[in-house]
Amino acid sequence: MSPLLAAGFLLAPGAAQTTPTATVPTLVPAVTARYPHDRDAFTQGLQYLGGGVLVESTGQIGKSGVRRVDLKSGRVLMQTATPLATAFGEGVTVLGNVAYHLTWQDGVAFTFDAATLKETGRLRYSGEGWGLTSDGRQLIMSNGSSTLTWRDPKTFRVTRSLRVTDQGQPVRNLNELEYVQGSVYANVWLTDRVARIDPQSGRVTAWLDLSALAREASAAATRAGQPLTFDDVPNGIAFVPERGTLLLTGKRWSTVFEVKVPGLKVDPGVGGRAAPRR
C-alpha cells in the first residue's frame, strides 16, 4: 500500500499513472475541521498567528483591509482599511511585530503594528503586488507571474528572484503564499490547485488538489442564494504549527478548511510562523 494511502491521504485521480516524465505528485488534502468565514471577505492573504487568531487581508476597491480574526468563530476581532482608499488590497504577512500589506497596482506596501493594526510606514516597489509571506528572515512576494522575489523587510529591496517551474514549464499566476517547513506553498489564480515549491530550485515538488473544497464552497454559496463568481477561487493558505495542518479558504468562501497534507509535521513553539529550515 502507498504510504500516503496508509496515512489516510488520497492521490488525485490519475496520479498513480504518472509516467517517468510526469513525476510531480498530486495530493488531495484530508479535511480535519471546518470553521466559519466571512462571506464578504475577498481573501487575499492569510496567516495563523497562534492562539486561535488569524491575520487576513481583503481586496476590492473600497473594501480592502487587514483584520485579525478568531479562527473558531470567524469573528473579526480588529480591522483596519487599506490606508489608500483607491487601492486594491492584496497579500499580508507578519514578520516579527510588523504586518506587511501589499496593493495590487499602486506600488506601495503598508506596514502596521501587528498587535494594534495601526499604520507604521510605507514601502515602495515596482510592478504589481499579489501574495506575500516570510521565511523568518526575508519577505517573499508574488506578482502574478511565474517569479517569486525575496525582499529586505526594512527597505523592500529585492535580494533574490526565483522562476517557478513545473517540469521545466513556468507556473504563472502565482498568488497567495505561505512558507512552511522549507517549502513555499502558492495558490495559482483561477485554479483549484496549490503548488508546493522548492525555494532553492523553483521546481514544483507537489500539487495540492483543492477541487473538492471548491465544490463544497460553491454548493454552500448556491444554497445561501449567493453563488460564487468566476474569480471566487481558492486563495488563502495558513500553517498551524501546533497541529501540523494547513488552513485553506477562498475569496468570498463561507468556510475555512483545516486539512492534513503529506509531509507536514507538528512544529511546536514557533508561534504562527514555521521556523525556517537552513
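A residue is called buried when its relative accessible area is under 20%. By this criterion, four of the five residues of strand β20 (residues 193-197) are buried in the predicted model, so β20 is largely enclosed by the rest of the structure. Strand β20 runs antiparallel to β19, to which four bridges join it. Within this pairing, Ala 195 of β20 is the bridge partner of Ala 186. The hairpin of β19 and β20 has four residues between the strands, and Leu 190 there takes a positive phi near 65°. Strand β20 is also joined to β21, again in the antiparallel sense, by five bridges. Here Arg 196 has Ala 206 in β21 as its bridge partner. Six residues lie between the strands in the hairpin of β20 and β21, where Gly 202 has a positive phi near 85°.

The protein chain as a whole contains two helices and 24 strands. Of its 278 residues, 54% are buried. Among contacts in the chain with a separation of 6 or more, 50% are made by residues 24 or more positions apart.

In soluble globular proteins, nonpolar side chains tend to be buried together. The largest nonpolar core of the model has 21 residues, and Tyr 185, Leu 208 and Leu 246 touch the most other members. At least two residues of this core are supplied by each of β21 (204-209), α2 (211-223), β22 (234-240), β23 (245-250) and β24 (255-260). Helix α2 gives the largest share, four residues. Beyond its neighbours within four places in sequence, Leu 208 is in contact with Tyr 185 and Leu 246, and also with Leu 27, Pro 29, Asp 192, Arg 193, Val 194 and Val 261. Another core, of 17 residues, lies apart from the largest one; its members include Leu 148, Leu 162, Ala 186 and Trp 207. Ala 186, a member of this other core, is the residue that bridges to Ala 195 in β20.

Seven of its seven residues are buried, so β8 is largely enclosed by the rest of the structure. Strand β8 pairs with strand β9 (residues 98-103) in the antiparallel sense over five bridges. In this pairing Thr 93 stands opposite Tyr 100 of β9. The two strands form a hairpin with two residues between them, and Gly 96 in the turn has a positive phi of about 65°.

Tyr 100 is also one of the contacts of Leu 123, a residue of strand β11 (residues 119-124). Leu 123 counts as buried because its relative accessibility is 12%, against a cut-off of under 20%. With neighbours within four places in sequence left aside, Leu 123 is in contact with Tyr 100, with Gly 107, Val 108, Ala 109 and Thr 111, and with Pro 153, Lys 154, Thr 155 and Phe 156. Thr 155 is 32 residues from Leu 123 in sequence, yet the two C-alpha atoms are 6.9 Å apart.

Positive phi values also occur at residues other than glycine. Gln 181, which is not a glycine, has a positive phi of about 45°. Gln 181 is placed in the loop between β18 (174-180) and β19 (183-188). Its relative accessible area is 17%, so Gln 181 is buried. Arg 252 is likewise not a glycine and has a positive phi of about 60°. Arg 252 counts as buried because its relative accessibility is 17%.

Rolling a probe the size of a water molecule over the atoms shows where empty space is left. The space in the largest cavity is about 70 Å³. Its lining comprises 13 residues, and Pro 36, His 37, Glu 56, Val 69 and Gly 74 lie nearest the centre. The elements that give two or more residues to this lining are β5 (53-58) and β6 (65-70). Strand β6 contributes the largest share, three residues. By class, the lining residues divide into seven nonpolar, two polar and four charged.

Conventions
Residues are numbered from 1 along each chain as its sequence is written. This is a predicted model: local features need pLDDT of at least 70, side-chain atom pairs count only at pLDDT 80 or more; totals for chains, interfaces and linings use all residues. Side-chain values use heavy atoms; hydrogens and water are left out. On a 1 Å grid over the protein atoms alone, a cavity is a set of points where a 1.4 Å probe fits but cannot get out, and a pocket is an open set with protein on both sides within 12 Å along at least five of seven lines; lining residues have an atom within 4 Å of a point. Grid points are joined across faces, edges and corners, and a volume is the space filled by probe spheres set on the points. Ala, Val, Leu, Ile, Met, Phe, Trp, Tyr, Cys and Pro count as nonpolar, Asp, Glu, Lys and Arg as charged, and the others, Gly among them, as polar. A nonpolar core is a set of buried Ala, Val, Leu, Ile, Met, Phe, Trp, Tyr and Cys residues joined through side-chain atoms within 4.5 Å. Buried means under 20% relative accessible area, exposed over 50%, partly exposed in between (1.4 Å probe, protein chains only). Contact means heavy atoms within 4.5 Å. Two strands pair if DSSP finds at least two bridges between them.
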